[in-house]
Amino acid sequence: MPVEEFVAGWISGALGLVLGHPFDTVKVRLQTQTTYRGIIDCMVKTYRHESLLGFFKGMSFPIASIAVVNSVLFGVYSNTLLALTATSHQERWAQPPSYTHVFIAGCTGGFVQVYCLAPFDLIKVRLQNQTEPRARPGSPPPRYRGPVHCAVSICQEEGPRGLFRGAWALTLRDTPTLGIYFVTYEWLCRQSTPDGQNPSLATVLVAGGFAGIVSWAVATPLDVIKSRMQMAGLKHRVYRGVLDCMASSVRQEGLGVFFRGLTINSARAFPVNAITFLSYEYLLRWWG
Ligand SMILES: CN(C)C(=N)NCCC[C@H](N)C(=O)O
């Protein structure tokens, strides 16, 4: 099994993550709290109360973890394509796989990475939702002191299964959308590259960015539900499942609830995925 794909996926995931984390914090807050009037209001309040550091809350953990998840995603995707089409990454522009194979490989990568992603994503969402300013002498400490404290508290208070809260919504979000993600990337690259040649740097950047936007636009409704289910344990809200969370969110906030965070998700998705695909492709060409 070729391992370069896993390493390239790890590095490209880490680069994308640093670039996208401030957008991600604003998105999570907009999706799970009702105190903000919109993106700008959330950014201004976060900056006023928590300084620039507020936007980077919960980032150290994803650097080590979500980058691993990206490595699983790209590694499983590429190795599934290898199993389906018997072409390695280097041969794939000369002998392009069918879009059906790309979709199946993307869905497989998406499905497998969910089980690494679920606990890390839950901890990230809980930490990003802590809106207390940085601890000052005399002020009450935040609910979670950091990722490890957060993981231990969830296990103690909600049981180890608490770490997988929202995992089913995450599976429904990621399995099809990662198929769409890789198909969009491949399709855009092939549209602007002569047959048999490697796509240019600009093509990879634009195709990666749009693959991010398209897949996140499709993923946003289930992303909202996933974040709410992840926060439910903390707020002592009980949802009976994905459908119950959808129904109760729509009842209280209308259909628009499914589009919460869509703009910020898309704004974040372009640079994150442009840099992710660029570093992934170029690392593999460099090692190839
Ligand atoms: C729509 N979905 C779930 C995705 N496209 N997932 C792939 C993640 C890529 C990048 N790390 C990101 O966070 O955008």
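Predicted model: local features only at pLDDT ≥ 70, side-chain atom pairs only at ≥ 80, totals over all residues.
α6 contributes the most to the shell around the ligand, with five residues. Residues are numbered from 1 along each chain as its sequence is written, and side-chain values use heavy atoms, with hydrogens and water left out.

**Polar contacts and cover**

- A polar contact is a pair of N or O atoms within 3.5 Å.
- For an oxygen atom of the ligand, a polar side-chain atom of Arg 268 is 2.6 Å away, an N or O side-chain atom of Trp 216 is 2.9 Å away, and a polar side-chain atom of Asn 273 is 3.0 Å away.
- Of the 380 Å² of accessible area that the ligand has on its own, the protein covers 90% (Shrake-Rupley method, 1.4 Å probe).

**Shell**

- Two or more residues of the shell come from each of α6 (167-191), α7 (201-235) and α9 (262-287).
- Residues surrounding the ligand include Asn 70, Asp 174, Tyr 181 and Ser 215.

**Positive phi**

- Most residues other than glycine have a negative phi.
- Ser 51 has phi near 65° and is found in the loop between α2 (39-50) and α3 (60-85).
- Ala 86 has phi near 55° and is found in the loop between α3 and α4 (99-128).

Notes. Near = heavy atom within 4 Å. Polar contact = N/O pair within 3.5 Å; in protein donor to acceptor, adjacent residues only side chain to side chain. Helix = DSSP H or I, 4+ residues; strand = E, 2+ residues; numbered from the N terminus.
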